[in-house]
Amino acid sequence: MNADPFLTIIVPVYGIREEYLRQCIESLLAQEREDFRVLLIDDGSPDRCGVICDEYAEKDSRLTVIHQENQGVSAARNNCLRVTDTEWVAFVDADDWVERDYVTALYGELNGSARDADVLLLDYTRELRNSSEVRILEMPEGEVSGENLEAVRKSTYYKLQLRGRDSAYDMVVLWNKVYSRRFLRELDVWFVPEARKGQDRLFNADVLLGARRIRYLHRSLYHYRCLEESRTNRYDPDVPALTRIELKSLRRIVRRHGLEEQTREYLRYRISTRLYACMRLYCFHENNPAPRREKLRQAARLAASKPFADAVRSVDLRLLNRQERLFVRCVRKKQFGLLYLLVRVKSIATGRRLSR
C-alpha cells in the first residue's frame with residue numbers, strides 16, 4: 001500500500017443488511033489504485049456488521065475499522081474526520097457501492113484541474129429494485145460559476161433549480177461529492193450530532209455556502225440504493241422534534257454566512273415542506289397506531305405549532321410547485337381529512353416507484 005494515501009473514504013455502519021454491506025466493501029476493495037484508505041466506523045451496530053468489517057480489514061490493509069458505542073451517524077462521521085489526515089475526504093453509505101474506477105477517476109481529477117477545489121461534485125446512479133436512473137448535473141463540466149454556482153449554494157436552503165427548472169439531481173447528500181480536508185478544517189465544518197434528521201443538508205449548507213471553488217466531474221461513479229424501508233420512509237414519532245432541531249441548525253448556518261435576510265423567504269419554504277414530511281412520517285404514516293380521528297388531531301396540532309404555523313401562513317406560493325401549493329392551501333384551510341388522503345396516496349405511489 002502507498003504510504004501516503006491521497007483520499008480517505010468514510011463509511012458509517014449500523015444495522016445494514018449483510019449482503020449490502022459486503023457489496024459496498026467489496027466495491028471499495030476492487031479499486032484499481034492502492035493509494036487511498038477506508039475508515040469503516042461501526043456505530044455500535046447490534047448485528048454482525050462489526051464482525052463483517054473486521055473480517056475484511058484483516059485481509060486488506062487499506063481498511064481500518066473503528067468500533068464505538070452507538071452515538072449516531074453524525075458523531076460517527078465526526079470521529080472519523082478527527083483522525084483523517086489525507087488531502088481529500090469522501091463519504092460512502094454502507095448499503096451503496098461504487099464503480100471499479102471510482103478512486104482512479106477521482107485521483108485524475110483531484111491531481112489535475114480540481115487540485116485547488118474545495119468541493120468536487122459527481123454524477124451518480126439511483127438503483128431501484130428492478131431499474132436504474134442516472135442523475136446528471138446539467139451544467140458544463142469543470143468550474144461551477146455564475147448562475148450555476150448561485151443555484152448550487154441556494155439549493156442548500158431551497159431546492160436545486162437550473163435554468164428555471166427543478167433539477168432531479170440531489171445536491172444536499174454527501175456521497176456525490178469529495179471534500180478538501182484542508183478546506184473543512186479552515187471553515188471548521190462538522191456534523192451536528194443532535195440533528196438526526198437532515199444531517200447531510202446541514203453539513204453541505206455550511207460547506208457549499210463557504211466554498212470558494214466548486215468543480216463538477218461529469219462521471220457517474222456512485223450507485224445509490226433506493227429502498228422502501230429506508231430511514232426516510234420509516235414511521236418516526238420523533239420527527240417533529242428532530243425537524244425543529246434541523247431547522248434551527250439551518251438558520252444558524254445561514255446566519256454564520258451572513259445570509260439571514262436573503263434566505264428569509266426560502267426558509268419559510270423549507271419549513272413548510274418539512275411540515276409535509278412530518279405528516280408523512282408521523283401523523284399519517286400507516287404504522288401510526290392512533291385511530292384516524294386522532295391522526296387528524298395530531299396533524300392539526302402540529303400545523304398550529306411553531307415554526308410551522310408562521311411559515312405556512314406567510315410562505316410565498318410562487319416558490320412552491322403544484323403539489324406543495326396544494327398541501328399549503330389545505331393546511332391554511334385546515335382540511336386535514338383531505339391532507340390525509342393526499343399523503344397516503346403519495347406514499348403508496350412512492351413505494352410502487354421504488355419497487356420498480
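Is Asp-35 buried or exposed? At 8% relative accessibility, Asp-35 counts as buried. Here buried means under 20% relative accessible area, exposed means over 50%, and partly exposed lies in between (1.4 Å probe, protein chains only). The model is a predicted one, in which local features need pLDDT of at least 70 and side-chain atom pairs count only at pLDDT 80 or more, while totals for chains, interfaces and linings use all residues. Residues are numbered from 1 along each chain as its sequence is written, and side-chain values use heavy atoms, with hydrogens and water left out.

Salt bridges were examined next. A salt bridge is a side-chain nitrogen of Lys or Arg within 4 Å of a carboxyl oxygen of Asp or Glu. Side chains of opposite charge can pair when their charged atoms come close. The whole structure contains 36 salt bridges. Asp-35 takes part in one of them, with Arg-33, at an N to O distance of 2.8 Å. Arg-33 is partly exposed, at 24% relative accessible area.

A second pair is formed by Glu-55 and Arg-22, whose closest N and O atoms are 3.0 Å apart. This pair links distant parts of the chain. Glu-55 sits in helix H2 (residues 49–59) and Arg-22 in helix H1 (residues 18–29), 33 residues apart. Helices (H or I, at least four residues) and strands (E, at least two) are DSSP runs, numbered from the N terminus. Glu-55 is partly exposed, with a relative accessible area of 24%. Arg-22 counts as buried, at 18% relative accessibility.

Lys-159 and Asp-166 form a further salt bridge, with 3.4 Å between the closest N and O atoms. Lys-159 is buried at 14% relative accessible area, whereas Asp-166 is partly exposed at 42%. Elsewhere, salt bridges that share partners join Glu-18, Arg-22, Arg-48, Glu-55 and Lys-59 into one network.

Helix H1 has 12 residues. Its first and last C-alpha atoms are 16 Å apart, close to the 16 Å expected at 1.5 Å a residue. The expected span is 1.5 Å times one less than the number of residues. The buried residues of H1 are Tyr-20, Leu-21, Arg-22, Cys-24, Ile-25, Ser-27, Leu-28 and Leu-29. Their cover includes H2 and several strands, among them S1 (7–13), S2 (36–43), S3 (63–68) and S12 (214–225).

Helix H8 spans residues 239–256 and has 18 residues. H8 reaches 25 Å from its first C-alpha to its last, close to the expected 26 Å. Buried positions in H8 include Val-239, Pro-240, Leu-242, Thr-243 and Glu-246. Leu-247, Ser-249, Leu-250, Ile-253 and Val-254 of H8 are also buried. Gly-258 follows H8 and has a positive phi, near 70 degrees.

Cysteines were then considered. A disulfide is a covalent bond between the sulfur atoms of two cysteines. The criterion was a pair of cysteine sulfur atoms within 2.5 Å. The structure holds zero disulfides. Cys-53 is in no disulfide, and the nearest cysteine sulfur, that of Cys-49, is 6.5 Å away. Cys-53 is buried, with a relative accessible area of 0%. The sulfur of Cys-80 lies 11 Å from the closest cysteine sulfur, in Cys-53, too far for a bond. Cys-80 is buried too, at 0% relative accessible area.

Cys-278 lies in helix H9 and is buried, with a relative accessible area of 0%. Contact means heavy atoms within 4.5 Å. Leaving aside neighbours within four places in sequence, Cys-278 is in contact with Val-239, Pro-240, Thr-243, Cys-283, Leu-302 and Phe-308. Cys-278 and Asp-238 are 40 residues apart in sequence, yet their C-alpha atoms are 9.1 Å apart in space.

A nonpolar patch on the surface is formed by Leu-326, Leu-338, Leu-341 and Leu-342. Together these residues have about 320 Å² of accessible area. Areas come from the Shrake-Rupley method with a 1.4 Å probe; for residues, only the protein chains shown count as cover. Patches are made of residues with over 30% relative accessible area and no salt bridge; like charges are joined within 9 Å, and nonpolar side chains (Val, Leu, Ile, Met, Phe, Trp, Tyr) within 5 Å. Helix H13 (residues 336–354) gives the largest share of the patch, three residues. Leu-341 lies in H13 and is partly exposed, with a relative accessible area of 48%.
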